[in-house]
Amino acid sequence: MTEAIGAVRATAGPPMVAGPVGGLSAHALVGRGPLLAGAREQLTGGGSVLLTGPAGIGKSTLLSALAEELPGHQVLQCSLSESERHLPFLGLIDLLAETGDDVLQTLPAHQRAALESALLRRTDPVGERDVLGLRMAVLATFRALCADGPVLLVVDDAQWLDPPSAELLAFIARRARGLPLQALVGRRTGPADPRPEPHLCPPPVRAFDVPPMTAAEVTRLLGDLDLPRAVLAKVHRASGGNPFFAAELGRALAEHDGPLDPGAPLPVPDSLRSLMLGRLMALSDGARRTLLTACAVARPTLALLRGAGRPEADADIAEAREAGIVVPGEVVRFTHPLLSAVLYAEAPERDRLAVHATLADAVTDPVERAHHLALVAPGRDAEVAATLSEAATAARRRGARATAARLGLLAADRTMERPDEAGLRLTAAEDALASGEFALARGIAEEVLAGSSIPAERVHAWIVLLDSGGQALAELDDVFPHALADARDDPALLAPLHYRLAWRAWLVKGSAARARDEAATAARLAAEAGDHRTEVLALTKQALAEFSTGRPEAEQTLERALAGSHDPAIRFDHNGPVYLRHRHHLLNDRLDEALAELRSLTYAVRQRGAVESLFMCLYGASQVEIFRGRCGRALDLADQCLRLSEDSELSRGPAWCAMAFAEAAGGSLDRALSAAERGVAHSEDDGDLLFLPHALHAAGHIRLVRGDAAGAVEALRRVRRLENGQGLAEPAMRRWHADLAEALAAIGAVDEAAEVLEETRRDAVRLGRRGVLAALDRAAALVTAARGDVSAAVYGLGRAVAASAALPYPLEEGRARLELGRLLARLEDAPAARESLRAAHRVFSRAKAAPWVAAVTAELDRLDVGVPTAGEGTDPLRELAGIERRVAVLVAEGATNREIAARLFVSVKTVEAALTRTYRKLGVRSRVDVARLAAFRRPDDRPA
């Protein structure tokens with residue numbers, strides 16, 4: 001249940017990646033966006049790419065995907081295998097398999113003979129004295145191919161390339177300067193291998209290590225299998241993030257009969273089992289027994305192994321290290337987690353139980369000892385139950401809430417005191433909620449409801465069901481009558497239910513006023529019952545509703561909540577008063593204070609292991625960083641939000657919304673719009689009237705920035721209707737008003753725009769919201785311009801620039817300067833327009849606001865920045881785009897790359913990329929060549 005405060009859960013939604021697990025090729029691109037983007041940039045700039053990583057990591061699929069994105073290239077490809085490495089020139093034969101004899105006919109006779117022999121197109125072999133001729137023949141062949149257009153070499157599994165072919169490709173790569181020849185190379189590497197030399201690739205070369213998938217990415221990879229979160233976590237650990245291994249394990253799980261026990265060993269498919277067993281069976285029996293003990297313990301040190309009945313542990317581990325099974329170190333770590341998984345799964349049950357029994361006596365950590373005891377002592381046992389309950393408490397204190405949930409359930413299963421069983425289960429359910437395992441929590445609650453007639457236990461279970469619903473609270477509407485009936489007239493049971501009715505009133509029914517009243521009732525009942533936690537949470541909810549509806553008593557209510565929140569579990573909850581205080585800082589433009597609150601909260605919730613609260617802290621911090629003009633940091637935080645939602649059962653609507661705003665500020669508008677549309681869809685599916693306006697605001701804002709004013713109006717009008725219907729009157733909670741007015745002005749609806757501005761300004765003045773007023777000044781000037789009074793609009797934008805510059809909102813200042821530059825250009829005041837646009841460029845560049853930098857650059861290009869386009873046939877630089885042309889002119893004047901970057905307000909990397917494209921388009925090799933061509937441009941062709 002969230003707006004900017006609250007839970008962010010939902011029932012199971014559509015997976016991010018559709019389709020069967022099937023082959024790896026359909027899924028290996030999951031999570032590969034950053035790597036693909038970097039490789040694309042390298043290839044677009046004319047360079048080569050080397051991909052490295054272990055077998056199964058997805059190099060082949062990445063190579064294919066990248067090659068398909070270069071349709072203008074002639075692709076020469078070879079895919080190699082270890083068994084064929086001894087065959088000379090096989091790699092070259094594969095690469096030139098589609099090269100016709102017409103190309104070879106252009107070679108001198110002796111070169112053609114050498115090459116045809118190497119390609120097995122004639123019977124006589126290549127002699128030693130023909131090696132140089134062969135090299136020159138291959139070089140001439142590639143030059144001939146490049147004369148018809150750019151050529152891309154794709155070499156997969158380059159470690160198996162035969163030595164003669166490898167030598168020839170390295171020879172070509174060293175002499176490829178000036179040729180439109182690039183390479184995509186994949187090479188297998190192990191964890192201890194040095195980085196391979198990129199000698200097969202024509203320069204410039206950029207190497208990428210293909211990383212293992214994260215837990216969230218493995219979850220997406222196996223999204224259609226509907227596996228429990230705990231099982232998916234085990235798949236990720238066992239596979240080491242290797243997508244091929246994960247897909248194979250997922251396939252085995254899909255074929256597994258019966259329910260999946262998260263505590264049981266994973267079923268390992270034969271394809272992986274035989275691969276791993278072949279290495280393990282080469283060890284001695286003693287080494288395998290020692291390794292089995294290491295498999296069963298969290299941190300297997302040599303000292304612990306010796307204490308667990310393995311006196312020869314040092315020698316056994318040395319043997320395993322020599323065989324490449326474990327890595328060096330005091331703590332035993334397998335070179336791949338699947339080795340551990342297979343060894344444990346293949347061990348007889350009696351051996352596993354014996355190991356756990358020994359470890360129960362050897363380990364000192366209470367949580368781990370309880371784990372081993374539970375495995376060797378099935379059935380009800382008072383001593384074991386007490387040990388498990390104590391371990392659950394210890395795990396909870398450490399922030400390991402998922403572990404606490406499972407230990408608590410084991411304690412409930414072992415307890416001899418049946419009256420305690422429901423309480424243990426419900427405590428475990430609360431731990432499951434905190435760790436994001438909402439399906440587990442729901443299952444526990446339903447089990448308690450089926451077996452208990454005690455009102456307190458039943459109401460507690462109903463509350464667990466409600467809290468597990470999150471954004472999809474509408475689907476649980478029928479729970480409230482049953483819960484209220486069980487609560488009867490007990491204020492201790494009614495208070496937490498009325499607190500949740502407050503969320504229902506806003507989230508499902510769309511009434512902030514009713515939510516405020518329900519929260520006030522909950523606070524009163526909780527105070528009567530002495531339920532301090534519910535009282536503080538209800539006061540916080542009441543304050544949020546009062547802030548959102550513009551009620552003057554909101555600050556007093558928040559102070560009451562803060563004064564009573566001494567318990568860290570309440571104080572640092574995402575629905576608690578400290579989180580709301582950060583929102584209060586934002587309302588009053590105190591961004592540094594808001595961020596400081598969030599940082600302290602984030603630290604606290606990480607210690608407590610509360611997934612939901614951590615998500616909301618990251619979400620809030622992403623918003624604050626956008627306001628502060630730190631777009632790169634905002635993108636990183638939004639990405640963490642998305643990964644956290646994917647790795648748990650949190651609703652993805654808020655996560656997609658965070659990503660949409662962050663991408664719109666500092667990333668890609670296309671990705672931003674896609675994320676916003678997903679956020680809208682999730683909120684609509686959940687029936688979430690509270691969060692839906694956020695997602696619609698994101699969609700409208702992004703459409704406006706993309707130039708789709710009509711689409712922006714459609715989305716933002718929906719936001720206005722929703723907020724008016726909910727009775728909201730706080731313009732600084734969701735700052736959509738200026739965007740709507742600007743979009744309305746753009747489509748000619750100036751009267752409606754003026755109405756929006758007047759209505760919003762009235763509330764902003766009453767509440768003292770300076771940041772909102774500055775944005776309204778910008779929008780009001782654009783409305784004035786739409787009415788035809790451009791001069792008055794320029795004056796208004798000047799005021800908006802001054803107001804924004806005095807506030808901590810760099811992107812708002814940049815937007816005002818950008819619009820001022822556009823209007824000055826309309827008045828044909830080019831010098832003043834350039835000055836304003838350059839100032840906007842500086843603001844956006846400091847913020848790393850990529851979409852806005854692009855918008856300003858486009859406006860500068862329209863002014864030509866003093867570089868007029870010459871007539872066709874007279875200008876040697878006519879093939880160059882704006883940035884490339886400006887760089888070329890400055891190169892001709894003798895400027896260095898760093899000096900050019902400073903003159904044009906771009907990075908040195910951008911200058912280097914522009915130069916690479918310039919060389920290719922002009923067919924030159926050096927700065928001297930560029931300067932020579934630029935000498936023939938028009939004499940007034942100068943960059944500003």
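## Close-up views of a predicted model

View 1. A disulfide here is a pair of cysteine sulfur atoms within 2.5 Å, and a search of the whole structure finds 0 of them. Cysteine 78 counts as buried because its relative accessibility is 2%; buried means under 20% relative accessible area, exposed over 50%, and partly exposed in between (1.4 Å probe, protein chains only). Cysteine 295 is buried as well, with a relative accessible area of 17%.

A word on the model before we move on: it is predicted, so local features need pLDDT of at least 70 and side-chain atom pairs count only at pLDDT 80 or more, while totals for chains, interfaces and linings use all residues. Residues are numbered from 1 along each chain as its sequence is written, and side-chain values use heavy atoms, with hydrogens and water left out.

View 2. The 5 strands are arranged in the order 2-3-4-1-5, with parallel pairing. At the edges are strand 2 (74-79) and strand 5 (205-209), each of which pairs on one side only. On average, neighbouring strands are turned by 10° against each other, direction ignored. Helix 1 (residues 33-44) packs on this sheet and touches strand 1 (48-53), strand 4 (181-188) and strand 5; the direction of helix 1 makes about 170° with that of strand 5. Contact means heavy atoms within 4.5 Å; axes are lines fitted to C-alpha atoms, for helices over the stretch in contact, and angles run from 0 to 180 degrees between N-to-C directions. Helices (H or I, at least four residues) and strands (E, at least two) are DSSP runs, numbered from the N terminus.

**View 3. Strand 2 pairs with strand 3.** Strand 2 and strand 3 (residues 151-156) run parallel and are joined by 6 bridges; two strands pair if DSSP finds at least two bridges between them. Here cysteine 78 stands opposite valine 155 in strand 3.

View 4. Most residues other than glycine have a negative phi, and most peptide bonds are trans. Phenylalanine 89, though not a glycine, has a positive phi of about 65°. This residue is in the loop between strand 2 and helix 3 (90-95), and phenylalanine 89 is buried at a relative accessible area of 16%. The peptide bond from proline 203 to proline 204 is cis, with omega near -5°; proline 204 belongs to the loop between strand 4 and strand 5.

**View 5. Arginine 488 lies in a loop between two helices.** The loop runs between helix 23 (479-487) and helix 24 (491-507). Arginine 488 has a positive phi, near 55°, and is exposed, with a relative accessible area of 61%.

View 6. Glycine 550, which follows helix 26, has a positive phi near 75°.
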